[in-house]
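Colleague: Hey, I'm new to this one. Could you bring it up and walk me through a few spots?

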Amino acid sequence: MANFLNNAWYVAFWISELDDKPLKKKILGRNVLFYRDSNGAAIGLSNECPHRFAPLHKGRIEGDTIECPYHGLRFDRTGLCVYNPYSDDCDGLPANAVLRAFPVVEKYRFIWVWMGDPQLANEAEIPDYSFLDNTAAFTATAEATLTMPVNYELILDNLMDLSHGQFLHATTLGNSAMAAGSTTARKVGNIVYSERLNPAGEVPLLFAPAQLVDAGALVDFWNDMWWAPGSCYYLEVGITPAGRPREEGVLIKSAQILTPVDERNTEYRHILYRDFLKENDAVTIAMEALVSKAFSEEDEPMLIEVQDGMAGKDFWELRPAILKGDRAAIMVRRTMQKLIEDELNSSLS
C-alpha cells in the first residue's frame, strides 16, 4: 500500500503554470485535472471521464465546464455532468456519471489541492509561506520544479538533516563547519522545527557574492527549518561574522515543497528569497545555477542510489543506525507514519 497522507494540502502547480488550457497532474498516484473557469478560478477534478475513461485534460474548456474529448459530455466544477449531447437533459444519466471534485486554493504563488476528504479541507491549514508575498524586502530566484525519480520520504530525510552539506555539497551549498554544528529539534502540533548552527567556518559559496567578511575570515552559518504535513518545507540559511548576532548578517529564505507523484517519483518545487544584492541579476542567475547543480547533480544521484540500495524494503525494516543529528528527520517520519495510520483507521471505522 502506498505510504501517502491524503488529508493534507499538496502543491499541484505554480500559479503561473495554469493558464487557459486544461492540465493533468499525477499526485499520490492519482490523475487530477486542473483548469480555469470563465472567472479564472482554478478547478480540480478527477481526470478520467466516467463514461469510457477518456483523459479529460485532452478535452476543451467550455464556459465553466470541461468537455470530454471522446463523447462530448460536459462536467462542471462540482463534477456533475451538466451536458449530454445524446439527450435533451442529464436526468437519465447513471448515478456514477460524476467526477470527483478536489478542493483547490491559490495562495503564496502555488495552486494547492486537498487530496483527502473534502469535508476536512481547511484553507487555514495551508502552511505559512507569507514571506513569498514580500517582494519588496527580498529578491527571488525563478520558480523551479524538479522531477526526481525518488520517494518523497527520502527527500525529506535529506532536507531535515543538512549536516550532509559538508560532504555532499562541499563545493556548492555547504562548508567545513557543518558536521560539527549543533542542532535543536522540536515538534509543535504536527509541525517539526529544527535549528542548526555551524560556527566559525568559511563562507559558503552561496553567500560569497555578499562579501560580508574579508577574505579568509570566518562566519557562523545557520540553517533553520520547519516541515508541515504532507510535504511542505521551509528553510532559512544565513551567515554572520563569527561570534556576531544574526542582525549583522545576510540571509536566504526558501520554500521547498514536495509533491509525491507516486511511490518512486516526486515533484520538487523551490524558490529562494535573498536580502542582499537585491538589484544584481547576475547574482540571481549564479544562485539559480548553484542550487540547481546541488539538487540535480549531488542530491538526486545520491538519493537514487539510496532508493535502489533499499530494494523496496521499508525504512524501519532495514534498522537504520540513527545519529543524534537525525532527530528532526526521525520526528518527521514518525509524525507522518502516525497521521497515515490514524487516517487509515478512521476510514475503516
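Predicted model: local features only at pLDDT ≥ 70, side-chain atom pairs only at ≥ 80, totals over all residues.

Colleague: What is phi of Leu277 near?
Modeller: Phi of Leu277 is near 45 degrees, which is a positive value in a residue other than glycine. Most residues other than glycine have a negative phi.

Colleague: OK, what about Arg319, what's phi there?
Modeller: Phi of Arg319 is near 50 degrees, again a positive value in a residue other than glycine. Arg319 is located in the loop between H3 and H4.

Colleague: Buried or exposed, that Arg319?
Modeller: Arg319 has 73% relative accessibility, and the cut-off for exposed is over 50%, so Arg319 counts as exposed.

Colleague: Switching to helices. How many residues of H1 are buried?
Modeller: 9 of its 9 residues are buried, so H1 is mostly covered. Among the buried ones are Tyr152, Leu156 and Met160, and also Glu153 and Asp157.

Colleague: What angle does H1 make with H3?
Modeller: H1 (residues 152-160) packs on H3 (residues 281-310) at about 125 degrees, and the axes are 10 Å apart. That angle makes H1 oblique to H3.

Colleague: Which residues make that contact?
Modeller: On the H1 side, Leu154, Ile155 and Asn158 take part, and on the H3 side Asp299, Leu303, Val306, Gln307 and Met310. Sorted by class, the H1 and H3 contact has 5 nonpolar, 2 polar and 1 charged residues.

Colleague: Left-handed or right-handed, the crossing of H1 and H3?
Modeller: The crossing of H1 and H3 is right-handed.

Colleague: And how far apart are the axes of H1 and H4?
Modeller: Those axes are 8 Å apart, with H1 and H4 (residues 327-348) packing at an angle of about 145 degrees. H1 passes H4 in a right-handed crossing.

Colleague: Which residues meet there?
Modeller: From H1 there are Tyr152, Glu153, Leu154, Leu156, Asp157 and Met160, and they meet Ala328, Ala329, Val332, Arg333, Met336 and Ile340 of H4. By class, this H1 and H4 contact has 9 nonpolar, no polar and 3 charged residues.

Colleague: What goes on at the start of H1?
Modeller: Asn151 has a side-chain oxygen that reaches to within 2.8 Å of the backbone nitrogen of Glu153. Asn151 itself is in the loop between strand E13 (144-148) and H1.

Colleague: What else does the side chain of Asn151 reach?
Modeller: The side chain of Asn151 also reaches the backbone oxygen of Glu263, at 2.8 Å. If you skip residues up to four places away in sequence, Asn151 touches Glu263, Arg264, Thr266 and Gln307. Gln307 is one of the H3 residues in the contact with H1, too.

Colleague: Which side chain does Ser163 join in a polar contact?
Modeller: The side chain of Ser163 has a polar contact of 2.9 Å with the side chain of Asp161. Leaving out neighbours within four places in sequence, Ser163 is in contact with Met178 and Arg196.

Colleague: New topic: where's the cis peptide bond between Pro229 and what?
Modeller: The cis bond joins Pro229 and Gly230, with omega about -10 degrees. Gly230 is in the loop between strand E16 (219-228) and strand E17 (232-241). Most peptide bonds are trans.

Colleague: Last one, His71. What does His71 touch?
Modeller: Not counting residues up to four places away in sequence, His71 touches His51, Arg52, Pro85 and Tyr86. His71 lies in the loop between strand E6 (65-67) and strand E7 (74-75). With a relative accessible area of 22%, His71 is partly exposed.

How values were computed. Residues numbered from 1 in each chain as written. Heavy atoms only, no water. Axes fitted to C-alpha atoms, helices over the stretch in contact; angles between N-to-C directions. Helix = DSSP H or I, 4+ residues; strand = E, 2+ residues; numbered from the N terminus. Parallel < 35°, antiparallel > 145°, perpendicular 65-115°, else oblique. Left-handed = near helix turned anticlockwise from the far one by under 90°. Contact = heavy atoms within 4.5 Å. Nonpolar A, V, L, I, M, F, W, Y, C, P; charged D, E, K, R; others polar. Buried < 20%, exposed > 50% of the residue type's maximum accessible area, 1.4 Å probe, protein only. Polar contact = N/O pair within 3.5 Å; in protein donor to acceptor, adjacent residues only side chain to side chain.
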